[in-house]
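Visitor: Could you walk me through this structure and pick out a few residues along the way?
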Amino acid sequence: EGDVQSAWFSRGNLAAMQYALGAWDEALHAIEAFDDAPDGVEYQRVQARCTGAVILAARDHASEALAEVHDALDLLRRGADAQTVWPPLVYHVR
């Protein structure tokens with residue numbers, strides 16, 4: 001019980017901070033947890049997928065990075081928060 005959305009939001013922020021600090025393996029591990037995230041945390045799931053895509057692209061795993069971006073775009077099509085639209089679109093174009 002509790003504030004599930006805030007808990008997952010914090011997990012997503014942790015992944016973003018790990019990425020920013022160069023702890024990419026830890027960030028990817030935190031992002032993998034979003035595979036089992038409950039419904040209702042799509043906003044942070046989109047952000048996590050985008051962070052994962054940046055890491056994968058930097059490691060020359062372009063096809064895997066693009067798959068992460070496509071997952072994020074699929075989430076957006078299902079009604080994720082409008083403010084999350086631009087990051088996956090920017091990553092997709094990149």
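Guide: Gladly, and please keep in mind that this is a predicted model. A place to begin is glutamine 18, which lies in helix H1, residues 4-20.

Visitor: Is glutamine 18 buried or exposed?
Guide: Glutamine 18 counts as buried, because its relative accessibility is 18% and the cut-off for buried is under 20%.

Visitor: Let's switch to charges. How many salt bridges turn up in the whole structure?
Guide: A search of the whole structure finds three salt bridges. In one of them the side chains of arginine 59 and aspartate 25 meet, at 2.9 Å from N to O. Arginine 59 lies in the loop between H3 and H4 while aspartate 25 lies in helix H2 (residues 24-32), so this pair ties together parts that are 34 residues apart in sequence.

Visitor: How accessible are arginine 59 and aspartate 25?
Guide: Arginine 59 counts as partly exposed, at 33% relative accessibility, whereas aspartate 25 counts as exposed, at 53%.

Visitor: What does aspartate 35 pair with?
Guide: Aspartate 35 forms a salt bridge with arginine 49, and the closest N and O atoms are 2.3 Å apart. The pair links distant parts of the chain, with aspartate 35 in the loop between H2 and H3 and arginine 49 in helix H3, 14 residues apart.

Visitor: Are arginine 49 and glutamate 68 buried or exposed?
Guide: Both arginine 49 and glutamate 68 are buried, and for arginine 49 the relative accessibility is 9%.

Visitor: What about the rings, how many aromatic pairs are there?
Guide: The count comes to three aromatic pairs. One of them joins tryptophan 8 and phenylalanine 34, whose ring centres are 5.0 Å apart and whose planes stand at 65°, so the pair is edge-to-face. Tryptophan 8 is in helix H1 and phenylalanine 34 in the loop between H2 and H3, which puts the two 26 residues apart and links distant parts of the chain. Both tryptophan 8 and phenylalanine 34 are buried.

Visitor: And how do the rings of phenylalanine 9 and tyrosine 43 sit?
Guide: Their centres are 6.1 Å apart and their planes at 15°, so phenylalanine 9 and tyrosine 43 make a stacked pair. Phenylalanine 9 lies in helix H1 and tyrosine 43 in helix H3, so the pair ties together parts that are 34 residues apart in sequence. Phenylalanine 9 is partly exposed, with a relative accessible area of 37%, and tyrosine 43 also counts as partly exposed, at 27%.

Visitor: Last topic, pockets. How much space lies in the largest pocket?
Guide: About 210 Å³ of space lies in the largest pocket. Its lining includes Ala53, Leu66, Tyr91, His92 and Arg94, and the residues of the lining divide into eight nonpolar, one polar and one charged.

Visitor: Which helix gives the most to the lining?
Guide: H4 gives the most to the lining of the largest pocket, with four residues, while helix H3 (42-58), helix H4 (62-77) and helix H5 (86-93) each supply at least two.

Technical notes. Residues are numbered from 1 along each chain as its sequence is written. This is a predicted model: local features need pLDDT of at least 70, side-chain atom pairs count only at pLDDT 80 or more; totals for chains, interfaces and linings use all residues. Side-chain values use heavy atoms; hydrogens and water are left out. On a 1 Å grid over the protein atoms alone, a cavity is a set of points where a 1.4 Å probe fits but cannot get out, and a pocket is an open set with protein on both sides within 12 Å along at least five of seven lines; lining residues have an atom within 4 Å of a point. Grid points are joined across faces, edges and corners, and a volume is the space filled by probe spheres set on the points. Ala, Val, Leu, Ile, Met, Phe, Trp, Tyr, Cys and Pro count as nonpolar, Asp, Glu, Lys and Arg as charged, and the others, Gly among them, as polar. Buried means under 20% relative accessible area, exposed over 50%, partly exposed in between (1.4 Å probe, protein chains only). A salt bridge is a side-chain nitrogen of Lys or Arg within 4 Å of a carboxyl oxygen of Asp or Glu. Rings of Phe, Tyr and Trp (its six-membered ring) pair if their centres lie within 6.5 Å; planes under 30 degrees apart count as stacked, over 60 as edge-to-face and the rest as tilted.
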